[in-house]
Amino acid sequence: MSISERVKKSMEEGSWIRRMFEEGTILKQKYGEENVFDLSLGNPVMKPPPEFHQELRRLAENPIPGMHRYMENAGYAETRTAVAKQLSLEAGINFTKDDILMTCGAAGALNVVLKTIVNREEEVIIFAPYFAEFINYIENHDGVAKVLPTDEQFIPRLDVLETAITARTRAVLINYPNNPSGAVYSEDFLHQLGELLKDKANKYGKEIFLINDEAYRNLVYNGVKCPQIWPYYQQSIIVTSHSKDLAIPGERIGYIAVHPDLNDHKELMAGFAHCNRILGYVNAPALMQHLVRHLQAVSVSVAEYQRKRDFLYSHLTEMGYSIVKPQGTFYMFPKSPLEDDIAFIKELRRWRVLTVPGRSFGSPGYFRISYCTDDGTLEGSLAGFRKVAQKLKLG
Ligand SMILES: Cc1ncc(COP(=O)(O)O)c(C=O)c1O
């Protein structure tokens with residue numbers, strides 16, 4: 001066997017999201033693009049905001065001397081300062097460039113963080129449903145993913161967390177607005193979580209990190225502001241990117257931000273810069289760093305995503321599907337009407353509607369819909385959803 005057992009296993013268990021995406025490509029070749037309703041991948045069809053192209057043009061026409069050269073592994077000071085300024089505005093505490101490290105997307109950010117902090121076989125706690133790559137990323141760095149449940153609203157169960165933290169726990173990794181559920185955690189919840197982690201860190205006499213994956217921070221609906229973790233826990237870190245808020249996932253630009261009062265701050269930031277280098281990222285893409293420096297307050301239209309959510313949510317609930325209304329992101333995570341979520345997504349696929357089974361997010365019995373697609377795809381998918389609802393006698 002040419003590939004390692006570890007990679008082989010990871011590929012076999014591999015991502016249903018990719019599988020559906022690939023099946024979608026085959027179905028599109030067979031039936032035509034407009035006859036396949038692909039709600040599987042979180043790959044936004046929205047264009048980046050006009051400011052992105054303006055900046056791109058400006059840079060192309062006025063290149064900055066040395067703008068394509070290597071740089072500090074942490075990223076350009078000017079970009080980190082711009083990120084810190086925006087974060088300070090949003091969080092109400094003062095960040096500086098020393099709290100920020102630019103990365104290759106949120107995925108790169110998370111790998112850098114885990115590589116830096118996790119000792120072999122230490123546990124990183126996550127909550128189902130989770131972004132499937134979390135498991136791969138934790139295992140990349142010899143950590144052990146410990147999966148805990150959420151409640152019916154997809155909020156982590158703190159009573160379970162209380163008993164699950166051990167001397168081996170290194171970090172608790174949360175993600176809100178959540179992929180796949182769209183849940184946004186409340187300030188009250190974050191307060192309780194922070195208190196629990198403080199108690200446990202004291203009890204075990206070690207640092208337990210709270211990491212929030214905020215890749216969707218700006219995509220929250222009904223004018224709700226996404227609560228911040230900073231006031232509730234000092235050993236906290238966020239990983240995020242501009243993949244979703246500027247709709248540029250292919251450009252691989254994101255960052256890590258840490259609490260300014262974090263213990264061992266300097267050592268940790270130096271560790272992040274080192275790991276950014278040795279993981280082979282070296283630094284976040286230079287061109288994108290030059291661009292996003294000027295785009296910190298810019299975002300795609302959140303109203304557009306909210307409209308898509310409302311459209312789909314109202315139609316599907318009317319057909320009898322059971323859904324916790326997502327508060328953010330561009331996903332929803334309905335209950336699978338069949339106990340076997342794979343059997344259910346296969347029913348939908350017969351009508352060329354592609355979704356992802358809940359088990360690939362650690363939650364069998366559900367399925368995920370991604371609605372960052374064009375309106376035609378959403379509208380076209382309704383017939384398939386209705387046929388299956390009728391067959392299964394929902395509503
Ligand atoms: C929760 C979550 N984290 C991280 C990522 C990866 O984002 P990026 O493209 O910034 O690496 C995604 C992408 O879908 C995601 O859903």
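Visitor: Which ligand atom does a polar side-chain atom of Asp213 lie 2.5 Å from?

Guide: Look for N or O pairs within 3.5 Å. In this predicted model, a polar side-chain atom of Asp213 sits 2.5 Å from a nitrogen atom of the ligand.

Visitor: How much of the ligand does the protein bury?

Guide: Start from the ligand on its own, which exposes 400 Å². The protein buries 91% of that.

Visitor: And how many residues surround the ligand?

Guide: There are 13, and the closest include Asn179 and Tyr216. By type, the shell splits into 5 nonpolar, 5 polar and 3 charged residues. Helix α5, residues 105–117, gives the most to this shell, with 3 residues.

Visitor: Now pockets. How do I find empty space?

Guide: Roll a probe the size of a water molecule over the atoms, and you see where empty space is left. Here, take the second largest pocket, with a volume of about 310 Å³.

Visitor: Which residues lie nearest the centre of that second largest pocket?

Guide: Lys28, Asp38, Thr373, Asp374 and Thr377, out of 16 lining residues. The elements giving two or more residues to this lining are α2 (16–31), β1 (37–38) and α13 (375–391). Sorted by type, the lining of the second largest pocket has 6 nonpolar, 5 polar and 5 charged residues.

Methods:
Residues numbered from 1 in each chain as written. Predicted model: local features only at pLDDT ≥ 70, side-chain atom pairs only at ≥ 80, totals over all residues. Heavy atoms only, no water. Near = heavy atom within 4 Å. Polar contact = N/O pair within 3.5 Å; in protein donor to acceptor, adjacent residues only side chain to side chain. Areas by Shrake-Rupley, 256 points an atom, 1.4 Å probe, with all protein chains shown as cover. Helix = DSSP H or I, 4+ residues; strand = E, 2+ residues; numbered from the N terminus. Nonpolar A, V, L, I, M, F, W, Y, C, P; charged D, E, K, R; others polar. 1 Å grid on protein atoms, 1.4 Å probe; cavity = no way out; pocket = protein on both sides within 12 Å on 5 of 7 lines; lining within 4 Å. Points joined across faces, edges and corners; volume = space filled by probe spheres on them.
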